[in-house]
Amino acid sequence: MNILIKLFINVFFIYFIFHQNLYSKKINFHAWGGSVVINNFISQASQNLKKNNIDLRHTKITDIAETVKILLSDKKNNNLKNGKIDLIWVNGENFQRLKKNQLLFGPVDQIKNYTYINRRDASLHSDFGEPVEGLEVPWGRAQFVLIYDSQMIDKPPQTISQLKHFITNNPGRFTYPQIPNFHGTTFLKQLLYEMVEDKAILQQPFSSCLSPCKPITDLMLFLQEIHPFLWNKGKRFPKSISETIPMLSNREIWLTINFNPNAAATNVKNGNLRDVTRTTSFMNGAIGNTHYLAIPFNSSKKSASLQVINYLISPQSQADKANIEIWGDPTVLDLNKMSAEQQNMFLGKQSIHVLPSNKFPYLLEPHHSWTEAIENEWLKTFN
Amino acid sequence: MLECKNLNIYKEDIILIENKSFIIQKSEIYTLTGMSGAGKSTLLKYICGIEQKSFTYKGEILVNQQSVNHLPTNQRGVRMIFQNDLLFSHMNVIENLLFAMPLKEKNNKEEALTLLSQLKLDHLSYKNINTLSGGEYSRICLVRMIINKPNVLLVDEPFNNLDKKTKNITKDFFYKNISEMNCATLIVSHNLEDIYSNDKIIEL
Amino acid sequence: MNGLRHLIKSNFSYWIFLVLFGVIALVIGNICYQVISKLDTHFFLIHFNDLLSSISITFFNNIIATILAVIIAFLITNYLYNKKSFKSSFLIILISFPHISYCIGIIYLFATSGFFARLFALFYGNDIPFISERGDTSSSLIYVISLALREVPFLVLIGLSVLKKINALQIQKQVLVLGHSNLSALLCCIFPIWLKSMTLPILIIVTFCFSNYEFSSILGPQFPHMINVKIIDSWYSTNFNLAQQMNSLIIITILSSILALITLYTLMQILNGYLKNQKFLGFGNYNLFLLGKIFYFIVIALFMIILFITSLLSISESWFFPTIMPSSFSLRGFDYMVSNYLWLFFSSIFISSVISILCLLFVVILIETSKDTKNIYKFLFVISLMILVMPQNIMLISIANLMEQLAFFSVSLWFYFSLFIYIVPYTYFMLKQSYDDLNPQYIHSSDILGITRFKSFFLIKLPMMFNDFLLIFGVSFSVCFYQFLQGIIVTKGERGLFNNEVFILFSGESIQTASAGSMMNFLPAALIFMIISLRYRYVRV
């Protein structure tokens with residue numbers, strides 16, 4: 001009996017040590033962990049990466065701001081080489097903070113599969129108006145969409161005036177996430193695009209807008225008009241767009257916003273939304289943005305992290321990501337740069353739930369300074 | 001007036017008290033004596049309306065010729081001083097006394113202080129009851145019952161915690177006040193020294 | 001063995017206490033230093049002005065929730081104490097209910113597409129939910145009532161042993177023989193004495209009210225948000241204005257919490273003074289049992305319905321309004337949780353168990369190795385008070401700052417420390433109650449017989465207090481297991497408990513998976529409390 005126990009212990013230790021050495025490159029990937037489909041995708045990617053002797057560990061965080069704080073603290077304590085975080089999923093204001101404080105390693109765009117990305121595509125190389133400058137690699141696209149219940153809405157709104165008409169005639173059936181939620185703010189930016197005559201003004205810093213800034217004032221007036229007709233009469237908002245999905249499925253609301261053109265399809269497939277859910281957007285253009293992968297300045301496994309990024313922007317991985325059966329996140333790759341075989345991977349099942357492609361022009365995110373301006377004005381007006 | 005008719009108390013088929021009857025008129029003082037475990041305290045509690053689960057009770061209790069068996073303790077017109085009487089810890093001495101004053105009367109602090117001074121306890125008026133000695137505690141309990149002005153009073157071993165000198169003073173105070181109140185009183189004691197000469201005795 | 005005896009003989013406990021006191025003082029001192037050194041008075045005054053409505057709504061909501069919780073808990077405690085039935089044990093199991101599941105459950109019950117609305121739709125026949133009109137007033141009401149009812153099981157658990165300790169039955173009899181009614185006994189005597197002994201649990205409730213995030217963000221008002229939410233939002237925010245507010249919010253939270261404690265204490269004194277002199281209560285012969293019974297069943301029913309809804313959500317597919325039951329079922333959610341989080345689930349159970357046991361051992365050793373237990377109780381009380389008065393979110397921000405400065409300790413150590421420190425007050429308070437309940441005659445007799453303290457503990461105290469130790473372990477375990485702010489503020493996502501993952505999943509699109517996680521989350525503490533309640537059924541009330 002004693003011999004058996006000793007044997008078991010030895011085998012266990014050998015396996016444990018061997019198993020540890022099997023994947024000598026452990027990559028700690030900080031990414032939001034609230035979505036089951038995204039978690040599953042990353043988990044599958046991790047399995048695939050094991051062939052390359054890489055152990056991708058997904059640290060599921062509530063908000064990337066936590067990661068920014070860790071890196072700031074590392075820099076403050078002069079931890080320049082032994083950072084625990086090797087890869088982050090980031091965009092927007094958090095990227096700006098990281099860039100401003102020199103917390104990112106770069107350039108990261110020299111990897112092999114970057115050849116599939118169109119370097120001239122400004123939408124991929126400007127993150128909320130902030131030039132990427134090789135500090136992050138585009139991973140997926142987002143575009144403002146409206147998801148609606150087609151049994152409740154015959155003709156969905158596709159302009160701001162149609163939206164206002166819908167809201168006022170169907171009180172309580174629309175809402176948006178509470179500011180300063182990232183998606184809520186982007187919805188307001190979308191409305192701003194609809195309201196300004198010269199869209200170029202939004203690409204300039206907010207400081208160039210004379211005080212009082214007319215677009216912002218007009219936006220607040222518009223919101224004041226529609227708020228009494230929103231869900232809960234504008235007195236209560238959902239905290240995120242994810243919260244609006246069950247509300248839409250239960251017909252508490254009939255129309256909601258999202259930033260994944262395939263969100264409706266994925267959610268219908270997973271049973272979270274009714275089959276009658278459809279997607280549309282604003283005819284004059286819908287804000288698009290990109291989300292990215294970046295490597296912290298003090299990661300001790302930069303080359304392995306680059307390998308991971310290279311894998312994640314490979315045609316196969318991007319095709320899996322775009323597949324509505326898996327995640328449904330649009331690709332950042334230029335299909336024209338691929339072979340026919342590679343292009344075929346992206347011809348997934350057509351779905352009536354997705355946003356019809358090429359019908360809604362892509363609008364660039366406004367300059368990042370507009371974000372804070374809009375948030376502050378909203379908080380001042382409604383808080 | 002307190003009248004008890006055919007009182008029977010059993011504890012699990014053991015007869016503790018059998019067919020006991022007595023009448024106590026206004027101003028009369030009776031002493032209930034008996035061996036330890038005879039059921040003296042149990043009898044008092046039954047009269048008062050505090051029934052214990054392990055006992056079986058039979059018999060009628062009348063206060064001022066009205067049957068009170070069906071009434072809750074506080075509506076019987078019977079008051080009792082327990083062997084381990086309890087003062088309320090969140091009130092000081094004077095507050096405990098004021099709480100005990102008859103419900104239909106207004107709180108009269110002067111009366112409470114007068115009674116305390118009769119027992120030379122007025123210096124304890126505003127003290128926390130946790131600071132009282134055993135003897136002071138017992139005497140305050142007695143004062144509390146006096147201030148309650150009962151018509152029928154049951155007392156269980158009132159002078160146990162007191163030394164001889166204090167006991168005599170307290171006894172005098174107690175008997176003086178209950179006589180003045182014309183109270184029908186039943187005292188439990190197994191100490192013959194505590195019995196006054198004109199007390200009537202009920203033996204168990 | 002000899003070392004242990006030596007330990008018992010020396011003043012080892014004082015050294016341990018000094019170290020613990022030093023660490024906590026460092027944590028509190030650090031936050032004070034950070035806040036004060038970086039405080040811009042001008043900014044603070046501006047922020048204070050802007051935050052006035054938020055401060056007042058937080059203050060009043062939390063005070064009212066606490067008062068309501070205490071009143072309901074007292075009524076239920078009074079009912080259960082007099083009934084002497086096993087029902088009290090059943091209520092104890094409800095302590096194991098996770099906060100986040102409870103909050104989400106409340107939403108799912110009362111939303112216009114929620115469970116009650118679906119039951120209504122069965123009769124009314126509406127296919128579409130009514131328009132939701134929930135504003136801040138109704139949100140505050142929901143927040144107050146939900147939070148109050150959530151705290152009731154904990155208060156009842158402590159309250160029952162307090163009633164026993166103060167000998168409530170004897171007090172009641174005493175009042176009755178003075179000619180007062182049951183109502184007078186209850187309100188003029190038992191309630192004030194009970195309330196006095198419940199100071200520390202009430203303190204725990206108050207500080208929880210001011211530091212909780214789940215209730216205030218999910219159920220609380222939004223215009224404005226409560227301070228509890230603003231502080232976490234400013235922690236996360238990249239918006240300069242919001243991030244700037246954090247120092248001001250820390251000071252405001254601490255001051256509000258202290259002010260709330262002073263207000264409640266003053267109210268308690270006023271109430272005490274008022275009730276002592278009341279004669280009119282002496283006339284009504286009501287014992288409030290019925291009210292207690294009604295509240296008891298309301299609390300049980302609420303928790304059971306929420307549990308039922310959560311369990312249905314965890315296995316349902318396509319459960320849309322107005323259907324009462326899901327149209328199809330699957331275990332996809334559980335499958336996902338088991339595949340991805342099983343290791344974290346078990347390691348969280350392990351960590352929470354070890355920390356709870358260590359905390360219990362720590363406090364017991366401090367008490368048992370001290371020559372002067374009275375002073376040790378005072379010291380432990382001071383430490384617990386220091387930990388409790390500072391709202392948890394503030395304490396964690398301080399620990400996170402300390403962690404940055406003292407970078408030579410690992411993140412894991414700070415994580416465990418932040419969990420450990422949070423359960424010290426619960427452990428101390430319940431252990432003190434247990435020691436107080438112990439008949440001192442046993443210990444005096446053992447001293448007279450020459451039995452050493454060491455043997456006395458293992459042969460006399462431990463067997464008698466074993467059920468209490470189990471209960472303390474259960475409460476500490478559930479408090480520890482359901483923490484998640486540590487994983488956000490201290491470790492910033494690097495380390496966390498299973499509850500962190502459940503919390504993150506509730507912000508995602510799959511309510512089925514999040515509910516499955518919630519059900520798993522509920523299991524360990526529920527099992528522990530079930531075992532405890534079975535033991536208590538035959539031992540206590």
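The model is predicted, and every value below is computed from it. Of the two pairs of chains that touch, chains A and C have the most contacts, while chain A and chain B do not touch, their nearest C-alpha atoms lying 46 Å apart. Chain C is also in contact with chain B, through 24 residues of chain C and 30 residues of chain B.

**Interface of chains A and C**

- On the side of chain A 63 residues take part, and they are in contact with 59 residues of chain C.
- The two chains bury about 5000 Å² between them, and carbon and sulfur atoms account for 49% of that area; within chain A, the residues that lose the most area to chain C are A:Lys69, A:Arg236 and A:Asn250, which together make up 14% of what that side buries.
- One salt bridge is counted between chain A and chain C, and it links C:Glu133 with A:Lys233, whose closest N and O atoms are 3.7 Å apart.
- Polar contacts across this interface number 21 residue pairs, counting pairs in which both residues have pLDDT 80 or more.
- Both helices and strands of chain A give two or more residues to the side that touches chain C, namely the strands β1 (25-32) and β2 (54-61) and the helices α2 (36-49), α3 (64-76), α4 (92-100), α9 (241-249) and α14 (369-382).
- Sorted by class, the residues on this side of chain A comprise 18 nonpolar, 27 polar and 18 charged.

**Interface of chains C and B**

- Chain C and chain B bury about 2400 Å² between them, with 63% of it on carbon and sulfur atoms; on the side of chain C, the three residues C:Val177, C:Leu178 and C:Lys279 supply 28% of the buried area, more than any other three residues.
- Here too the count is one salt bridge, formed by the side chains of B:Glu95 and C:Lys276 at 3.1 Å from N to O.
- Eight residue pairs are in polar contact across the interface of chain C and chain B, again with both residues at pLDDT 80 or more.
- The elements of chain C that each supply at least two residues to the side touching chain B are α9 (168-177), α10 (182-197) and α14 (240-276), and α9(C) gives the largest share, seven residues.
- This side of chain C consists of 10 nonpolar, 10 polar and four charged residues.

**Strand β11 of chain A**

**Partners of β11(A)**

- Strand β7 (residues 137-143) of chain A pairs with β11(A) in the antiparallel sense over six bridges, and within this pairing A:Gln143 stands opposite A:Gly288.
- Strand β3 (residues 87-90) of chain A also runs antiparallel to β11(A), joined by three bridges, with A:Ile88 opposite A:Ala294.
- Strand β4 (residues 104-105) of chain A is joined to β11(A) by two bridges, likewise antiparallel, and A:Phe105 stands opposite A:Ile295.
- Strand β12 (residues 362-363) of chain A, by contrast, pairs with β11(A) in the parallel sense over two bridges, where A:Leu363 is the bridge partner of A:Ile287.

Notes. Residues are numbered from 1 along each chain as its sequence is written. Chains are lettered from A and ligands numbered from 1 in the order in which they are written. This is a predicted model: local features need pLDDT of at least 70, side-chain atom pairs count only at pLDDT 80 or more; totals for chains, interfaces and linings use all residues. Side-chain values use heavy atoms; hydrogens and water are left out. Contact means heavy atoms within 4.5 Å. Buried area is the accessible area (1.4 Å probe) that two parts lose on being put together, summed over both. A salt bridge is a side-chain nitrogen of Lys or Arg within 4 Å of a carboxyl oxygen of Asp or Glu. A polar contact is a pair of N or O atoms within 3.5 Å; within protein, one must be able to donate a hydrogen and the other to accept it, and residues adjacent in sequence count only if both atoms are side-chain atoms. Helices (H or I, at least four residues) and strands (E, at least two) are DSSP runs, numbered from the N terminus. Ala, Val, Leu, Ile, Met, Phe, Trp, Tyr, Cys and Pro count as nonpolar, Asp, Glu, Lys and Arg as charged, and the others, Gly among them, as polar. Two strands pair if DSSP finds at least two bridges between them.
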